Amino acid sequence: LGIADTIVIGVLGTVALAAISAATSVFIVLAIGLWAFPNAARIMGAQALGAGDPRRFGRIVRSSIIAPLAVAAAAAFVSTFAAAPLMGALLGGIPARDAAAHYLILRSISLIPIAISNHAIAAFSAAGDARLAPRTLAIINVIHIPLLVVLALGVGTHVPLGLFGAGLSSLISECVGSFYCLWAVARRPAYHILEPGIDPAIARTATTIALPDFVTLCLLLIPDAITVAFIAPLGAVAVAAFRAFTLVTDATWAVPGAFGDAIQIVVGQRIGAGDLAGARSFIASANRLAVVVGSVVAVVFIALAWPLTALVTLSPMLASVAALPLALHLTTLPIKSLGVAMIAPIRAAGDTRFAMWNGVLGAAVAIAAIAFCTQTLHLGLYAIGIAWIVSWTLRTLLSWLKLRTGDWERRRLTA
């Protein structure tokens, strides 16, 4: 979705790319933050399935969706009056602030169907079925990409809507994706998800688990939004190059994200089954594999840094600005993969508070380092890679120390 939006909006010029970069940097904080709530369903659901209780699994999924729907609806409402001043603050003197605000509002409304899709995908993955996610995303893109060309560029209508059209296309496609997920859930009665009844105790426990995770995930992305403000004085070219930069680095998140989810699910099932020895053996093997895959993907992406940034922007000029800073940033991938893998067993046991404080510290270090490297050392986009190398090294070290205490083996959920 992000690559398609960037390529199409790039046709409208560098200023439009800078606008969508600012809007997306805010939207992605909320979108990724919402994954905290499906993570709670994963943690509790995996343990329920490991204990052989599919009906409880269904109650967990039903009860834990209340909070993310409320958060998504609140974010959509707040965006209607907060988007304009926020875009003004991030973009400064760069034009297209109003267009960026309209795009942000539409994307914020799309958080509601995204919350539904996220929850269904998390439920299926907790049961060991990861196929719903790529299928849903494929459907969303099949709808979004042609609609994007029609609405944003006016192909066939001769009425180009620019960033507003891009946001509208995303909203429509996300709604279609959520309907598909509901259909998929209805076809799996063995999961007991659509049975009647909400368990308030489960809803409270899921929310308690998710809120620290929500803070963690938001803090992971907030530095990117703040980075836009730090580099905006350098002009629209720098901000547009940062958009290309983040698109490629976001793609590489598939490695630590996938390993983190997989480790969390399997360890959660082993905890539910009382098989701690199996969990420990799995963790050791999975951690090694995460580092190896992260290293290989990092090398490939570093080698392709310039063509990838040129591809997502269709601008060789922007690629030349973004490629080397991107290559520096990609060296964080093996560290990030290990850090996320190490924290997964801690989260599987329900200790999301440690993950939150780990994220708070990591984000604070990243923001401080970006500020120092951009404002004092004037390193421009290179500041981002340096800051995240320091931040992820610290987070990985803390996760390793926490994992060694064995607390995850003793912790038990209360609902």
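Colleague: What is the accessible surface of the protein chain, and what share of it belongs to carbon and sulfur atoms?

Modeller: In this predicted model, the accessible surface of the protein chain comes to about 16,100 Å², and 73% of that area belongs to carbon and sulfur atoms.

Colleague: Why is the protein chain called as compact as a globular protein of its length?

Modeller: The protein chain has 19 helices and zero strands. Its radius of gyration is 21 Å, which is close to the 22 Å that the globule rule gives for 415 residues, and therefore the chain is as compact as a globular protein of that length. Along the principal axes, the C-alpha trace spans about 55 × 45 × 35 Å, and buried residues make up 53% of the 415 residues.

Colleague: Among contacts between residues at least 6 apart in sequence, what percentage join residues at least 24 apart?

Modeller: Of those contacts in the protein chain, 82% join residues at least 24 apart.

Colleague: Why is the pair of Arg55 and Glu195 called a salt bridge?

Modeller: The cut-off for a side-chain nitrogen of Arg and a carboxyl oxygen of Glu is 4 Å, and the N to O distance between Arg55 and Glu195 is 3.2 Å, so the pair counts as a salt bridge. This pair links distant parts of the chain, since Arg55 is in helix 4 (residues 54-64) while Glu195 is in the loop between helix 9 (162-186) and helix 10 (200-231), 140 residues apart.

Colleague: Why are Arg55 and Glu195 called partly exposed?

Modeller: Buried means under 20% relative accessible area and exposed means over 50%; Arg55 has 47% and Glu195 has 29%, so both are partly exposed.

Colleague: What makes Glu409 and Arg280 a link between parts of the chain that are 129 residues apart in sequence?

Modeller: Glu409 forms a salt bridge with Arg280, their closest N and O atoms being 3.0 Å apart. Because Glu409 lies in helix 19 (residues 407-410) and Arg280 in helix 13 (residues 276-303), the pair ties together parts that are 129 residues apart in sequence. Glu409, at 21% relative accessibility, counts as partly exposed, and so does Arg280, at 39%.

Colleague: How many salt bridges are there by this rule, and which residues are linked in a network?

Modeller: The count comes to eight salt bridges, and Asp129, Arg131 and Arg188 are linked in a network of them. Another salt bridge is formed by Asp275 with Arg270, whose closest N and O atoms are 3.4 Å apart.

How values were computed. Residues numbered from 1 in each chain as written. Predicted model: local features only at pLDDT ≥ 70, side-chain atom pairs only at ≥ 80, totals over all residues. Heavy atoms only, no water. Helix = DSSP H or I, 4+ residues; strand = E, 2+ residues; numbered from the N terminus. Rg over C-alpha atoms; globule rule 2.2 N^0.38 Å. Buried < 20%, exposed > 50% of the residue type's maximum accessible area, 1.4 Å probe, protein only. Contact = heavy atoms within 4.5 Å. Areas by Shrake-Rupley, 256 points an atom, 1.4 Å probe, with all protein chains shown as cover.
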